[in-house]
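Here are some notes to read alongside the structure. Please keep the sequence and the 3D view open as you go through the points.

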Amino acid sequence: MPSRHPPAPTRRNALEGMGVAPLEERAYRLLLRHEGLPAGELARRLDLTPRRVADVLRALGDKGMVSHTPDRPPRYFAAPPDVAVEALIATSQREEEQRQRRARAAIAALGTAGAGAVARDGRLVEILSPSATAQLFIHMHRTVRSELLSLTRRPMLVSNIAEPDYLLFDALSRGVRCRALIDSDLLSMPGWSEHMRDNAARGEECRIAASLPFKLVVADRRMAIIPLDLERPDGPVLLVRPSSLLDALCEIFEMLWRAATPFTVAPDGGAGERDALLSLLTSGLNDKAIQLELGISHRTLARRISALMKELGAATRCQLGFIAAQRTGARG
């Protein structure tokens with residue numbers, strides 16, 4: 001006997017054409033509606049074998065769409081639709097207009113499914129997987145409009161100082177104000193002096209702090225990422241959206257910025273060389289790090305410090321440091 005109801009129309013996958021298989025999208029939508037499912041429960045609801053659901057979860061994790069807790073067994077969480085889609089955009093090789101058009105359509109299609117989760121916690125913070133973090137880092141640099149802030153210290157998880165920072169250069173070329181606070185410990189790493197000089201020459205504002213408590217990147221004061229465990233390169237990373245927490249992080253940055261030492265790209269000889277030495281003397285660096293930064297020997301550094309003490313009327317290194325702090329503080 002024929003059915004009295006016509007067959008339901010086939011729903012087009014919202015993420016079709018962006019590299020997400022239909023089964024992967026089904027699993028993602030299910031995790032949007034039911035947060036924290038273990039793999040076994042997900043397999044049961046999707047009628048999949050444990051091996052097949054493991055493959056699906058691995059694929060979603062590689063795309064930055066799903067993260068999991070360190071529990072055993074782990075519980076899985078879907079990234080918010082906007083973050084998930086933007087992560088897909090960052091890895092897509094298609095033309096920019098097509099990617100943006102598909103992104104807007106996908107966010108609209110997924111918005112209804114994710115509305116319940118958003119209403120429960122506001123999505124002010126999220127825990128990101130390493131792959132999602134790398135993709136979001138790229139996205140933040142490509143979409144920032146006015147200001148990019150960063151606290152940079154060991155370990156270096158995303159950036160590669162052996163290569164020019166093209167993401168930063170592109171942001172600077174669009175008129176974005178980029179301010180970077182660098183932990184003085186990094187200046188002992190090979191290549192860091194050249195890296196900082198290259199960035200500063202392109203327009204980045206850079207200051208050196210004696211010590212930084214954590215790592216941070218903030219884009220337009222609307223989004224921030226913070227590694228939560230600096231001892232684990234593959235550890236969790238916190239995504240912070242507009243909130244009092246984000247406001248507090250920006251204020252911490254400003255406090256550290258005011259207390260830090262401006263980084264000076266000094267010309268050879270003259271006042272620029274003296275100012276660079278003054279800045280480095282107040283940054284908390286030891287003599288070896290200052291030598292590396294200026295590219296001079298221990299004897300040359302001692303001679304320049306002696307000349308500077310004589311010029312400024314300082315009888316001791318302590319007095320010289322005090323005078324240097326006053327001068328660099330007046331300039332900053």
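1. Surface. The accessible surface of the protein chain is about 17600 Å², and carbon and sulfur atoms hold 53% of that area. Keep in mind throughout that this is a predicted model.

2. Overall make-up. The chain has 332 residues, and 46% of them are buried. Its secondary structure consists of 13 helices and 11 strands. Among contacts with a separation of 6 or more, 70% are between residues 24 or more positions apart.

3. Salt bridges in general. Side chains of opposite charge can pair when their charged atoms come close. How many salt bridges does a search of the whole structure find? The search gives 14. The next points take up some of these pairs.

4. E25 and R29 form a salt bridge through their side chains, with an N to O distance of 3.0 Å. Both residues belong to helix α1, which covers residues 22-33. They are 4 residues apart, about one turn of the helix. Are these two residues buried or exposed? Both E25 and R29 are buried.

5. D220 has a relative accessibility of 17%, and because buried means under 20%, it counts as buried. R222 has a relative accessible area of 27%, so it falls between the 20% and 50% limits and is partly exposed.

6. In the salt bridge between E254 and R221, the closest N and O atoms are 2.6 Å apart. E254 sits in helix α9 (residues 244-259), while R221 sits in the loop between β8 (216-219) and β9 (223-227), so this pair ties together parts that are 33 residues apart in sequence. E254 counts as buried, because its relative accessibility is 14% and the limit is 20%. R221, with a relative accessible area of 34%, is partly exposed.

7. A cysteine in helix α9. C250 is a residue of this helix. Its relative accessible area is 4%, which is under 20%, so C250 is buried. Which residues does C250 touch, leaving out those up to four places away in sequence? They are V218 and R221. C250 and L216 are 34 residues apart in sequence, and their C-alpha atoms are 9.7 Å apart in space.

8. The largest pocket. Its volume is about 790 Å³. The lining of the largest pocket consists of 35 residues, and those nearest its centre are S67, H68, T69, L128 and S129. By type, the lining has 18 nonpolar, 8 polar and 9 charged residues.

9. Where the lining comes from. At least two lining residues are supplied by each of α3 (50-62), β2 (66-68), β3 (75-78), β4 (125-128) and α6 (130-143). Which element gives the largest share of the lining of the largest pocket? That element is α3, with 5 residues.

Conventions. Residues numbered from 1 in each chain as written. Predicted model: local features only at pLDDT ≥ 70, side-chain atom pairs only at ≥ 80, totals over all residues. Heavy atoms only, no water. Salt bridge = Lys/Arg side-chain N within 4 Å of Asp/Glu carboxyl O. Buried < 20%, exposed > 50% of the residue type's maximum accessible area, 1.4 Å probe, protein only. 1 Å grid on protein atoms, 1.4 Å probe; cavity = no way out; pocket = protein on both sides within 12 Å on 5 of 7 lines; lining within 4 Å. Points joined across faces, edges and corners; volume = space filled by probe spheres on them. Nonpolar A, V, L, I, M, F, W, Y, C, P; charged D, E, K, R; others polar. Contact = heavy atoms within 4.5 Å. Areas by Shrake-Rupley, 256 points an atom, 1.4 Å probe, with all protein chains shown as cover.
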